[in-house]
Amino acid sequence: MEKEAIGIIDTGSNTVLGVIFRWDSEKDCYRCFSLADGLTVHAGLIRYVDHGVMSAEGLRVLGDALDQIDAFFGEHGVCPEDVRCFATASLRGVSNFADAAAIAAKRGYRMELLSGEEEAACDFEGMLQEMDWLEQAGASFPEQGVALDMGGGSGLF
């Protein structure tokens with residue numbers, strides 16, 4: 001039985017990223033196979049946070065970004081019920097996260113707030129997948145190393 005594509009929305013400090021993952025039967029997991037399977041909206045949400053509150057303008061920008069990603073998913077046959085939506089540093093620590101979650105809900109998405117530890121675990125899994133792709137292309141990596149997420153606002157909250 002072939003599994004359907006799923007979408008992931010990563011609501012970060014500077015970008016809102018929508019990515020389509022498809023089932024990889026060889027690896028028995030969902031994977032993103034191409035850069036064309038993603039849409040990055042440069043929203044700069046962290047600019048709209050002041051004293052722990054995202055402004056009405058920031059919430060509007062979030063809604064616009066989600067609309068663009070929703071259209072992208074629609075063009076590729078990914079339905080809202082097959083999408084997981086999460087937020088990281090842009091909304092971590094804001095007192096009006098419920099307002100942002102309501103904006104996502106209007107588009108059919110349940111927005112989850114990731115802790116710093118959960119965000120780091122996602123970064124690690126993404127890094128492993130990227131390394132796998134690069135190794136298949138002939139790159140090699142040392143036995144040990146360090147990976148850094150130099151996101152736009154993770155250290156602010």
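This is a predicted model: local features need pLDDT of at least 70, side-chain atom pairs count only at pLDDT 80 or more; totals for chains, interfaces and linings use all residues.
1. Start with helix α2, which covers residues 97–106. Which of its residues are buried? They are Phe97, Ala100, Ala101, Ile103 and Ala104. Looking down the axis of α2, you will find these buried residues within an arc of 155°, so they line one face of the helix.

2. Now turn to the other side of α2, where Ala98 and Lys106 are exposed. As for the buried residues, what covers them includes α1 (56–75), β7 (83–87) and β8 (111–113).

3. How do α1 and α2 pack? Their axes are 10 Å apart and the packing angle is about 30°. Because angles under 35 degrees count as roughly parallel, α1 is described as roughly parallel to α2. The crossing of the two helices is right-handed.

4. Which residues make this contact? From α1 come Leu59, Leu62, Gly63 and Leu66, while α2 brings Asp99, Ala100, Ile103 and Ala104. Sorted by class, the contact has six nonpolar residues, one polar and one charged. Notice that Ala100, Ile103 and Ala104 are also listed among the buried residues of α2.

5. Two backbone angles are worth a look. Just after α2, Gly108 has a positive phi of about 90°. His51 also has a positive phi, of about 50°, although it is not a glycine.

6. Where does His51 lie? You can find His51 in the loop between β5 (49–50) and β6 (53–54). With a relative accessible area of 77%, His51 is exposed.

Key. Residues are numbered from 1 along each chain as its sequence is written. Side-chain values use heavy atoms; hydrogens and water are left out. Helices (H or I, at least four residues) and strands (E, at least two) are DSSP runs, numbered from the N terminus. Buried means under 20% relative accessible area, exposed over 50%, partly exposed in between (1.4 Å probe, protein chains only). The arc is that of the directions from the helix axis to the C-beta atoms. Contact means heavy atoms within 4.5 Å. Axes are lines fitted to C-alpha atoms, for helices over the stretch in contact, and angles run from 0 to 180 degrees between N-to-C directions. Angles under 35 degrees count as roughly parallel, over 145 as roughly antiparallel, 65 to 115 as roughly perpendicular and the rest as oblique. A crossing is left-handed if the near helix is turned anticlockwise from the far one by less than a right angle, and right-handed if clockwise. Ala, Val, Leu, Ile, Met, Phe, Trp, Tyr, Cys and Pro count as nonpolar, Asp, Glu, Lys and Arg as charged, and the others, Gly among them, as polar.
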